[in-house]
Amino acid sequence: MIEQPAMVKICDIHEDSPNVKTFFFECKVGFTPGQFVMVWIPFLDEKPFTISYVKNNIVGVSILRRGAFTTEIHKKKVGDGIGIRGPYGRGFDLRTNLNVCIVGGGIGMASLATIIERLPDAIVIQGARTAKEILYKDRFKDMKLSTDDGSVGFRGTAVDLLEEQLKKRSIQKVYGCGPEMMLYKIVELCKNRNIECEVSLERYFKCGFGICGQCDCSGQRVCVDGPVFTGEELSKMDDFGKITITKTGERVIH
Amino acid sequence: MATPDLSVSLCNIRLANPTILASGILGTTKALLERVAKNGAGAVTIKSISTEPREGHKNPTVITFEAGMVNAVGYSNPGVHAAAREFSNLQTVGVPVIASVIGTVKEDFVRVVEGLAGSGFSAIEIPLSCPHTPGFGLLAGQGTPQATFKITVAVRKATKLPVFIKLSPSIPEICAVAKAAEDAGASAITAVNSMGPGMIINIEAHKPVLSFKVGGVTGDALRPIAVRCVYDLYKVVKIPIIGVGGISTGRHAIEMLMSGASVVGIGTGVYNRGIDVFRKISGEMLQWMSENGFSDIKSMVGVAHD
């Protein structure tokens, strides 16, 4: 684990969609799928990103452009430096020989990408708003796709596709990451069918290692107790799917 | 020998053991306070509340190093209005809850104290010692005996609850500040806040790591300084001292009690040993006390003095 930000050089950049880029760099740390690193740009900010690619000593983080910090990262070029600390958090539990379905929505796919590589037999569902936003098309050939506008795959949501799969096959475990309302529906579906599930949550992080309390979700620190939680754990977390905590610490409706 | 008794009374507040969650660590929600209580804390302190919401400094705000932590969170908090909603019916937390209250002028402290009056807090803590937030603490000149006296008098008038004044270890005249607080009616002294400010520079980036560049230093690096401050304060004030600074083990806690603290605050220790650090410290204290013939907490307080 890297305690203080280590400056790494970007060695490659992939454009995964018009708004998502994957930045690759060399980093020799142990890592469990679902864990995250804090990415630092000096004097600007520091934000958590899940590791979406890992091969030998090369690690990648896929970043959606949506604010000042991610816009700045998107301007980075091969050879530029960024700060990295971590990895932090509790990742996915992959000790399973169950029939698995992996469901990602939008940039949530980044958190699931390294599981998909480790579980080649899993059914993979990806939901996006439109065809252009589908991620990792070349990396994973057999994904079942849904888009809100029907521009590729099924017209509807990833949850609709999951429901269809659950009817067709005997799925025993579901891994998910994406917008929290989608995760909420996945957890409900799995609960009703008695299927194991694990999903990765997103909250505003400060320290990343469990002391500042900024990422609380019903007494669970998303940065260290999560970001991955089981369906059983989430059933005891009233804030899941309902409340998130802002930068100031105020509770707001999701 | 019978099992030693860890319970203490601090300004007539009953604590099952002398470990208190320090302000700024995990105290953002009632749910987290409940969790810390379940993990063995004798009392808990919320993250400091101001009159208005504050986003605080940008990240990085907290960074660890080999001897502790440097932080400049910048008092992010939802403001007194939202805080009163979050921290209501505090009896259900299971242990006494202390409100940490900040302000720029003395009227702010009073407004926040009044705003939190119906929540069920057991005490009010006033940090006049933050080293890294413009408008507050040391950066607002609140660490002088004069300013401390004025703010303490105002808060004392605004509440019947015990008032703890939290002091900086980085002020050479800490004893004069404590005396001013005591003279103004403070019920206890919390010693100490983070020290410094300090700085960590990333030599590859050629830049300070914290976005605010400087931050308060806590953890192991702070402990000897905190112990010395409490030792000095014990000689000059009669009110109890809450000893805070680098306590992660039962031995550390006992060292702090021997220097003169009646109870101890735990902050960075949560990082060092996990959220159950409170239970671990109590267990270690019990064992050491049994082995060394101490039957209660009181009998250890201040024994390091001549």
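Into which domains is chain A divided? Three entries here: domain 1 (2–88), domain 2 (92–199) and domain 3 (201–254). Those bounds come from an automatic or database domain assignment.

Some ground rules. This is a predicted model, where local features need pLDDT of at least 70, side-chain atom pairs count only at pLDDT 80 or more, and totals for chains, interfaces and linings use all residues. Residues are numbered from 1 along each chain as its sequence is written, while chains are lettered from A and ligands numbered from 1 in the order in which they are written.

Now, domains 2 and 3 of chain A. Their C-alpha centres lie 22 Å apart. Eleven residues of domain 2 are in contact with ten of domain 3. Contact means that the C-beta atoms, placed from the backbone, lie within 7 Å. On the domain 2 side, helix H4 (180–193) and strand S12 (196–200) of chain A each give two or more residues. Helices (H or I, at least four residues) and strands (E, at least two) are DSSP runs, numbered from the N terminus. H4(A) has the largest share, with six residues. By type, this side of domain 2 has seven nonpolar residues, no polar ones and four charged. Nonpolar covers Ala, Val, Leu, Ile, Met, Phe, Trp, Tyr, Cys and Pro; charged covers Asp, Glu, Lys and Arg; the others, Gly among them, count as polar.

Next, the chain interface. Here 27 residues of chain A are in contact with 36 of chain B. On the chain A side, strands S1 (2–17) and S4 (45–55) supply at least two residues each. S1(A) brings the largest share, four residues. The chain A side splits into nine nonpolar, nine polar and nine charged residues.

Terms used. Two residues are in contact if their C-beta atoms, placed from the backbone, lie within 7 Å.
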